[in-house]
Amino acid sequence: MFHSVTEPAFGSGPILFPDMSEPESPISVEEIGSLPDDELDDRVWLRLTHLVDPSDHASLQREDPDVAAYLSTRLFEWEVGNGGVHQYFFNFPSPDLLAVVLEGYSRLGLDETRQLVEDVVAPLAREEAAWRDSLRDGTIESFFDSYVASRLPEYDDRIGFHDGERISLVRSNPKTFAR
């Protein structure tokens with residue numbers, strides 16, 4: 001059973017996190033060591049999002065830096081993969097959350113990705129922020145119209161998925177992620 005912790009403005013629908021009334025069972029160090037990568041990624045995501053809201057920068061900053069790196073960069077990349085960089089900033093405009101994402105990329109050793117987001121994507125997002133806010137009339141048409149007008153989509157393909165780096169982080173620090 002799932003519920004929406006965060007209802008994005010637009011995209012494919014709400015980002016679903018586990019229903020807190022049906023807790024995801026704790027993940028063990030043994031599971032971290034034995035699950036295949038894809039299953040481990042799903043299992044860690046489901047467990048951690050039961051415990052921490054990945055769209056809340058304050059919650060992430062209270063966490064271990066490795067956990068914050070895992071959650072924030074996965075949210076960023078999966079949101080970009082779903083609807084593009086424009087969608088991420090439309091749904092999660094907080095500069096404080098972006099700061100956690102940037103710290104996460106550094107933690108993962110992904111300095112080129114951090115630099116691209118920090119030096120190119122973030123300034124464009126800031127430049128378009130007021131315009132994006134003015135489009136929140138609740139219609140999907142406004143979002144789609146804004147997508148083609150935004151300069152952010154040209155960077156969609158440059159934001160890759162770094163699931164392998166996140167899984168390496170989990171496997172190298174199993175006690176941090178076993179909860």
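**Exercise 1. Getting your bearings**

How many helices and strands are there in the chain? Work out their order too, and see what share of the residues is buried.

*Solution.* Keep in mind that this is a predicted model. Start by counting: the chain has nine helices and two strands. Next, walk along from the N terminus, and the elements read β-β-α-α-α-α-α-α-α-α-α. Now for burial: of the 179 residues in the chain, 45% are buried. Finally, look at the contacts with a separation of 6 or more: 66% of them involve residues 24 or more positions apart.

**Exercise 2. Rings that pair up**

Take W78 and F161 and decide what kind of aromatic pair they form. Then do likewise for Y88 and F89.

*Solution.* The structure has six aromatic pairs in total. For W78 and F161, the centres are 6.3 Å apart and the planes make an angle of 90°. Planes over 60 degrees apart count as edge-to-face, so W78 and F161 form an edge-to-face pair. Now find the two rings in the chain. W78 belongs to helix α4 (residues 65–91), while F161 is in the loop between α7 (140–149) and α8 (163–172), so this pair ties together parts that are 83 residues apart in sequence.

Y88 and F89 are both buried. If you follow the ring pairs around, you get a cluster made of F76, Y88, F89, F92 and Y105.

One more step for W78: look for a charge over its ring. The charged end of R74 sits there, 3.7 Å from the ring centre.

**Exercise 3. Helix against helix**

Describe how α4 packs with α7, and then with α2.

*Solution.* First, what do you need? Two packed helices are described by the angle between their axes and the distance between the axes. For α4 and α7, the angle is about 120° and the axes are 10 Å apart. That makes α4 oblique to α7. The handedness of this crossing is right-handed. Where do they meet? On the α4 side you find G83, G84, H86, Q87 and F90, and on the α7 side F143, S146 and Y147.

Now take α2 (residues 37–51) and α4: their axes cross at roughly 105° and come within 11 Å. That makes α2 roughly perpendicular to α4. Among the residues of α2 that meet α4 are W45 and L48, and α4 brings residues including R74 and W78.

**Exercise 4. Two residues compared**

Is H86 buried or exposed? List some of its contacts, and then look at E118.

*Solution.* H86 lies in helix α4. With 0% relative accessibility, H86 counts as buried. Leaving out neighbours within four places in sequence, the contacts of H86 include E128, W131, R132, L152, P153 and D156.

E118 is found in helix α6 (residues 111–134). Its relative accessible area is 32%, so E118 is partly exposed. Not counting residues up to four places away in sequence, E118 touches L102 and P123.

Definitions and conventions
Residues are numbered from 1 along each chain as its sequence is written. This is a predicted model: local features need pLDDT of at least 70, side-chain atom pairs count only at pLDDT 80 or more; totals for chains, interfaces and linings use all residues. Side-chain values use heavy atoms; hydrogens and water are left out. Rings of Phe, Tyr and Trp (its six-membered ring) pair if their centres lie within 6.5 Å; planes under 30 degrees apart count as stacked, over 60 as edge-to-face and the rest as tilted. Helices (H or I, at least four residues) and strands (E, at least two) are DSSP runs, numbered from the N terminus. Buried means under 20% relative accessible area, exposed over 50%, partly exposed in between (1.4 Å probe, protein chains only). A charge sits over a ring if NZ of Lys or CZ of Arg is within 6 Å of the ring centre and within 35 degrees of the ring normal. Contact means heavy atoms within 4.5 Å. Axes are lines fitted to C-alpha atoms, for helices over the stretch in contact, and angles run from 0 to 180 degrees between N-to-C directions. Angles under 35 degrees count as roughly parallel, over 145 as roughly antiparallel, 65 to 115 as roughly perpendicular and the rest as oblique. A crossing is left-handed if the near helix is turned anticlockwise from the far one by less than a right angle, and right-handed if clockwise.
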